[in-house]
Amino acid sequence: MTKVDPAAGKVTLDHAAIPKLDMGAMTMAYPVKDPAVLKGLKAGDKVDFDVVETGGAYTVTTIQKAK
């Protein structure tokens with residue numbers, strides 16, 4: 001994770017390919033469904049997340065520190 005912006009409800013992720021969305025590896029800012037999930041996260045954290053595509057827009061639905 002490269003940036004966390006709870007006020008804007010966005011997180012910037014440097015991620016591997018996401019085959020289920022036919023998305024290659026990249027760094028991209030994503031809106032989050034619920035900005036409260038960003039609490040306690042900071043740039044540099046390794047995270048596990050789920051992202052969904054709706055109408056051409058991508059939204060992070062869950063995110064947590066990787067174990």
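Predicted model: local features only at pLDDT ≥ 70, side-chain atom pairs only at ≥ 80, totals over all residues.

Visitor: How many helices and strands does the chain have?

Guide: Helices (H or I, at least four residues) and strands (E, at least two) are DSSP runs, numbered from the N terminus. Here the chain has zero helices and five strands, so that the order from the N terminus is β-β-β-β-β. The radius of gyration, taken over C-alpha atoms, is judged against a globule rule of 2.2 Å times the number of residues to the power 0.38. For this chain the radius is 11 Å, close to the 11 Å that the rule gives for 67 residues, so the chain is as compact as a globular protein of that length. The C-alpha trace spans about 30 × 25 × 20 Å along its principal axes.

Visitor: Which strands pair with β2, and in what sense?

Guide: Two strands pair if DSSP finds at least two bridges between them. Strand β1 (residues 3–5) is joined to β2 by three bridges, and the two run antiparallel. On β2 there is also a pairing with strand β3 (residues 26–31), antiparallel over six bridges. Within these pairings, lysine 3 stands opposite threonine 12 in β2, and lysine 10 stands opposite proline 31 in β3.

Visitor: What pairing does β4 make with β5?

Guide: β4 and strand β5 (residues 57–65) pair in the antiparallel sense over eight bridges. Phenylalanine 49 faces isoleucine 63 in β5 across this pairing, and aspartate 50 stands opposite threonine 62 in β5.

Visitor: How is the burial of a residue expressed, and is threonine 12 buried or exposed?

Guide: Buried means under 20% relative accessible area, exposed over 50%, and partly exposed in between (1.4 Å probe, protein chains only). Threonine 12, in strand β2 (residues 10–15), has 16% relative accessibility and therefore counts as buried. In the chain, buried residues make up 28% of the 67 residues.

Visitor: Which residues does threonine 12 touch?

Guide: Contact means heavy atoms within 4.5 Å. Residues up to four places away in sequence not being counted, threonine 12 touches Met1, Thr2, Lys3, Thr27, Met28 and Ala29. For the chain, among contacts between residues at least 6 apart in sequence, 41% join residues at least 24 apart.

Visitor: Where does the backbone take a positive phi?

Guide: Most residues other than glycine have a negative phi. Aspartate 22 has a positive phi near 55°; this residue lies in the loop between β2 and β3 and counts as exposed, at 74% relative accessibility. Glycines with a positive phi include glycine 9, near 70°, in the hairpin of β1 and β2, which has four residues between the strands. Another is glycine 55, near 60°, in the hairpin of β4 and β5, which has two residues between the strands.

Visitor: What can be said of the surface and of the charges?

Guide: By the Shrake-Rupley method with a 1.4 Å probe, the accessible surface of the chain comes to about 4,300 Å², of which 53% belongs to carbon and sulfur atoms. For charges, Lys and Arg count as positive and Asp and Glu as negative, with His and the chain ends not counted; the place of a charge is NZ of Lys, CZ of Arg, CG of Asp or CD of Glu. The mean positions of the 9 positive and 8 negative charges are 7 Å apart.

Notes. Residues numbered from 1 in each chain as written. Heavy atoms only, no water.
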